[in-house]
Each structure stands twice: as structure tokens, then as C-alpha cells.
Amino acid sequence: MVTSIASTGLAAAASVVALTLTGGHAGGSPLEWGTGPLTVDSLPRVPYVAHRGGAREVPENSMSGLMAAYRRGTAQVLDFDTRVLRDGTPVVFHDATLNRTTFLGGEVRGLDAGEWRNVRLRPRDGLPVSWRAERPPTVAEVLDRLGGRVVLMLEAKDPSGLDRLAALIRSRGLTRSVFVNTNDPAVARRVHGLGLLTQLWRSARQLRTDRPERWRSYVDLLDVDVKARDADLTRAVRSGVPRVWAHTVATPAQRDRALSLGCDGIITDVPGRLSRHPVRGPGVVSAALGR
């Protein structure tokens, strides 16, 4: 975060970029909101996205992790994954099975809402501080706690639950505050048809043969692999899709390359770490400032 304003022109430009990348506010506080929900129109020129809440800084897809990322203010968008339980309840979880991140095993879709209350997340080793075991939240709980206070990004791992997700988002007046993410263009078209903000992510391999201009009529955000070739990222940036954000950025050098190629958002597991490193390299300052 920026803590002082430098007097030289170059340092001042770097300070402006740092503010742009961290939401235009100092001291690590969250973005402010008014009487209505915060929407994508309030985002800075180049937002940071806390991927799974910032999975190398907090327990992924946990309520405590999402709240910590929100309070720190180093990301203006909070990302989480969604699965559907046996009874149709949408929950916040990445994997199809419980094995990797909880103390239990078996398939997520094998549980109902009552059984979900007994699931406890197992925080990964190596996180900066110790975290308690906690129940993974439902999507409704995250929307009720954070919806409208910060822009959210949720991946629909189970497209069968899209109608339920759409109902949860619409009933809370959050259609301009939540991106719904998928890797499948057909599902993205369906998300658009439901009146939601559509996000489509693509791997480096997929980007080699993609023609992203085909999606510009129904995709609001193209989420591109930072490991893709320069030519593929440039083609995505020039596709006509309104926003092109890079995932999953792990280092300042990866961030600076994505910005220099025209990406206008950074999806990362380490938003706190990246926010402490000013952007560097030819053209990166101008790209971040939209020049």
C-alpha cells in the first residue's frame, strides 16, 4: 500500500499505480460503499482478486479467510468456488471430494445441508498465522455477509446449480456485484441468459486455439492463464471482451508482464504480497494507468 507521496515525477507515478492496483485507498481498509450495493462499476482501473480468498495467505474458501481478505483491503474482488449438495444447497468449496481440505472424505454432493454442518476445514500448512478449523460456508452465508460490500467472483463448479445460484444473487440485488465463473463457453452463455455477470476462464492450452472474439456478446470478463504465450494474451486483450484479467498470478514479475500485455485485472493467491511490490518494467505504468 502507498503510505507517502513522493516528490519526484517517477515516484509519484508509481504511487498512483500502487493506489490503482490496491483500490485507491491507503491503510489496508476495505472499499467504502454507500446506501446501495457496491458494483463492478466501482472497481479501480486494475483490481486485485483474492483467489479462493487468497489461498496462500488465508484458508481457502473459508469464511474467516474471506473476511480477513476483505478487512485487509489489498483485494477489491473476493473469489470463491461453489459446489452443490445432495439437497441442492450451494456451498463454498473447490474440490468434488472432501479429502484435500477437510478432516473427512467422500464426495461433497453426497451430503445434505444438515450433514454439511459437521464438516470442518483443515487449514493448509505454511499459512502466515494459525487458523482454527471451521465449517465451510454456504453460498447464501457468504452473500449475506459480504454481498454488496465488496465485488464477489464465484465459480460454478456444478452447472446444475446455476438456477439456484442465480436466485440467491438476484434476491439480494447483487446482479452487478457478483461475477459467475466457468470454463465452459456454453455455460457462460447460460449465465448471461440468466441476467448475471459472466466470467469465462481459459487455460494456457485452451488459449492457443481459442477465438475469444466469439464470446464478446455474452462474456463480461475473460479470465486468462498468466502462463499463456504473449500472442495468446494479446489476442484475448484485443477480443472486444470488456475485461481481461490474468490468473493465477504468483509473483510481481508475472503481474508486470500481464499488465504490460494489456490485462486489466490480477487474480492471485497472494494479494497482500503483490500489493507491497510496485509495478516495474517498460510500459507497465502506462498500462496500469490506461494510457
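How are α2 and α4 oriented relative to each other? The structure examined here is a predicted model, in which local features require pLDDT of at least 70 and side-chain atom pairs count only at pLDDT 80 or more, whereas totals for chains, interfaces and linings use all residues. Residues are numbered from 1 along each chain as its sequence is written, and side-chain values use heavy atoms, with hydrogens and water left out.

Two packed helices are described by the angle between their axes and the distance between the axes. Helix α2 (residues 63-72) and helix α4 (residues 139-146) have axes that come within 11 Å and cross at roughly 25°, where axes are lines fitted to C-alpha atoms, for helices over the stretch in contact, and angles run from 0 to 180 degrees between N-to-C directions. The helices α2 and α4 are therefore roughly parallel to each other, a term used for angles under 35 degrees, while those over 145 count as roughly antiparallel, 65 to 115 as roughly perpendicular and the rest as oblique. On the side of α2, the contact (heavy atoms within 4.5 Å) is made by M63, L66, M67 and Y70, and on the side of α4 by E141, V142, R145 and L146. These residues divide into 6 nonpolar, no polar and 2 charged.

The structure also holds 2 aromatic pairs, a pair being defined by rings of Phe, Tyr and Trp (its six-membered ring) whose centres lie within 6.5 Å, with planes under 30 degrees apart counted as stacked, over 60 as edge-to-face and the rest as tilted. F93 and W116 form an edge-to-face pair, at 5.7 Å centre to centre and with 85° between the planes. This pair links distant parts of the chain, 23 residues apart, since F93 lies in the loop between β3 (90-92) and α3 (113-116) and W116 in helix α3. Both F93 and W116 are buried, that is, under 20% relative accessible area, with exposed meaning over 50% and partly exposed in between (1.4 Å probe, protein chains only). F179 and W245 likewise form an edge-to-face pair, at 5.6 Å centre to centre and with 75° between the planes. Because F179 lies in strand β5 (residues 178-182) and W245 in strand β8 (residues 243-249), the pair ties together parts that are 66 residues apart in sequence. F179 and W245 are both buried.

P128, by contrast, is exposed, with a relative accessible area of 59%, and is placed in the loop between α3 and α4. Leaving aside residues up to four places away in sequence, P128 touches R56 and E57.

Technical notes:
Helix = DSSP H or I, 4+ residues; strand = E, 2+ residues; numbered from the N terminus. Nonpolar A, V, L, I, M, F, W, Y, C, P; charged D, E, K, R; others polar.
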